[in-house]
Amino acid sequence: MNKKVISIFFILILVSTIAPVFSADNTTKNITVDGVTFELPQKYQGSSVDSDGHVYMLDTVFDFAIRSMYYNDYLVDEYGYAIEKAKSSEVVNIGSHEVYYVLTEMLNKEVSYAFFASGEKIFCISWEGDSITPEIENMIEKTPDSSYSSDELSNIFDNANNQYVEDLAAEQQEYEYQKQDSMIKELDEISNRRYHFSHFGTHGFGFGSVY
């Protein structure tokens with residue numbers, strides 16, 4: 001066996017060794033969140049769906065997460081909060097899906113949110129980054145189509161944001177009321193408090209109360 005043949009032999013061995021590594025990096029894994037299957041690329045694998053079947057998350061929602069907004073309150077809180085913290089927001093088309101994309105800054109890093117419908121269910125995918133990547137697009141595009149019309153979906157998200165603003169205003173009003181009520185009670189306690197005193201003076205010993 002000459003040197004050329006030996007060289008080719010070792011190159012083939014090297015290629016066969018490296019190839020699985022590259023293919024492993026590109027492998028996907030299917031997970032099911034609230035009945036909908038998502039195709040995860042390698043970079044987002046390493047966790048599992050929660051016991052209720054509604055959340056898949058790596059570390060925190062600011063790193064990567066797929067969440068079902070299976071209660072309306074969840075959509076109100078998540079979408080409304082994202083809009084409140086938004087650096088920008090827009091509606092984009094990914095495949096057949098209308099996606100409500102919001103870019104925010106959380107914990108000193110840029111975090112993206114993609115809200116969309118699959119069937120009659122609303123989902124939120126969040127990840128660290130300032131744009132919709134091909135990997136995120138692929139995940140969304142391969143989910144079943146939305147059951148909602150464009151107008152219906154717009155109303156869902158508009159109502160969620162409006163409800164969030166109303167809830168926030170009500171909480172602030174309640175906080176101000178409690179703060180004011182606490183101050184009034186404190187002033188009442190001070191005004192009703194009796195200060196007892198005693199003294200020795202030029203006219204002898206004295207005592208009394210101050211209201």
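## Close-up views of a predicted model

View 1. Thr-32 has Thr-37 of E2 as its bridge partner. The model shown here and in every view below is predicted. Five bridges hold E1 against E2, and the two strands run antiparallel. Together E1 and E2 make a hairpin with two residues between them. Asp-34 sits in this loop, between strand E1 (29-33) and strand E2 (36-40). Its phi is near 50 degrees, a positive value in a residue other than glycine. Most residues other than glycine have a negative phi. Asp-34 counts as buried because its relative accessibility is 18%, and the cut-off for buried is under 20%.

**View 2. The E6–E7 loop.** Asn-108 is found in the loop between E6 and E7. Asn-108 is not a glycine, yet has a positive phi of about 65 degrees. Is Asn-108 buried or exposed? With 76% relative accessibility, Asn-108 counts as exposed.

View 3. Six strands build an open sheet with antiparallel pairing, ordered E3-E4-E8-E7-E6-E5. Strand E3 (55-58) and strand E5 (86-94) are the edges, each pairing on one side only. On average, neighbouring strands are turned by 15 degrees against each other, direction ignored. Helix H2 (residues 72-84) packs on the sheet. H2 touches E4, E5, strand E6 (97-106), strand E7 (109-118) and E8. The direction of H2 makes about 60 degrees with that of E6.

**View 4. The E4–E8 pair.** Strand E4 (residues 64-68) and strand E8 (residues 121-128) run antiparallel, joined by five bridges. Within this pairing, Ala-65 has Ser-126 of E8 as its bridge partner.

**View 5. Two nonpolar cores.** The largest nonpolar core has 23 residues. Which residues have the most contacts inside this core? They are Phe-38, Phe-64, Ile-66 and Ile-125. Not counting residues up to four places away in sequence, Phe-38 touches Lys-29, Asn-30, Ile-31, Val-33, Ile-66, Phe-116, Phe-123, Ile-125, Met-139 and Thr-143. Another core, of 21 residues, lies apart from the largest one. Among its members are Leu-75, Val-76, Tyr-113 and Tyr-164.

**View 6. The buried side of helix H3.** Ile-136, Met-139 and Ile-140 are buried in helix H3 (residues 134-141). They lie on the same side of H3, because they cover an arc of only 95 degrees around the axis. The cover over the buried residues of H3 includes E2, E4, E5, E6, E7 and E8.

**View 7. A salt-bridge network at Lys-109.** Asp-63, Lys-109 and Glu-128 are linked in a network of salt bridges. Lys-109 and Asp-63 form one of these, with the closest N and O atoms 3.0 Å apart. Lys-109 is in strand E7 and Asp-63 in the loop between E3 and E4, so the pair ties together parts that are 46 residues apart in sequence. Asp-63 counts as partly exposed, at 22% relative accessibility. Lys-109 also forms a salt bridge with Glu-128, at a closest N to O distance of 3.8 Å. Glu-128 belongs to strand E8, so this pair joins parts that are 19 residues apart in sequence. Glu-128 counts as partly exposed, at 44% relative accessibility.

View 8. The side chains of Arg-67 and Glu-78 meet in a salt bridge, 3.0 Å from N to O. Arg-67 lies in strand E4 and Glu-78 in helix H2, so the pair ties together parts that are 11 residues apart in sequence. Arg-67 is buried, with a relative accessible area of 8%. Glu-78 counts as partly exposed, at 24% relative accessibility.

Conventions:
Residues are numbered from 1 along each chain as its sequence is written. This is a predicted model: local features need pLDDT of at least 70, side-chain atom pairs count only at pLDDT 80 or more; totals for chains, interfaces and linings use all residues. Side-chain values use heavy atoms; hydrogens and water are left out. Two strands pair if DSSP finds at least two bridges between them. Helices (H or I, at least four residues) and strands (E, at least two) are DSSP runs, numbered from the N terminus. Axes are lines fitted to C-alpha atoms, for helices over the stretch in contact, and angles run from 0 to 180 degrees between N-to-C directions. Contact means heavy atoms within 4.5 Å. A nonpolar core is a set of buried Ala, Val, Leu, Ile, Met, Phe, Trp, Tyr and Cys residues joined through side-chain atoms within 4.5 Å. Buried means under 20% relative accessible area, exposed over 50%, partly exposed in between (1.4 Å probe, protein chains only). The arc is that of the directions from the helix axis to the C-beta atoms. A salt bridge is a side-chain nitrogen of Lys or Arg within 4 Å of a carboxyl oxygen of Asp or Glu.
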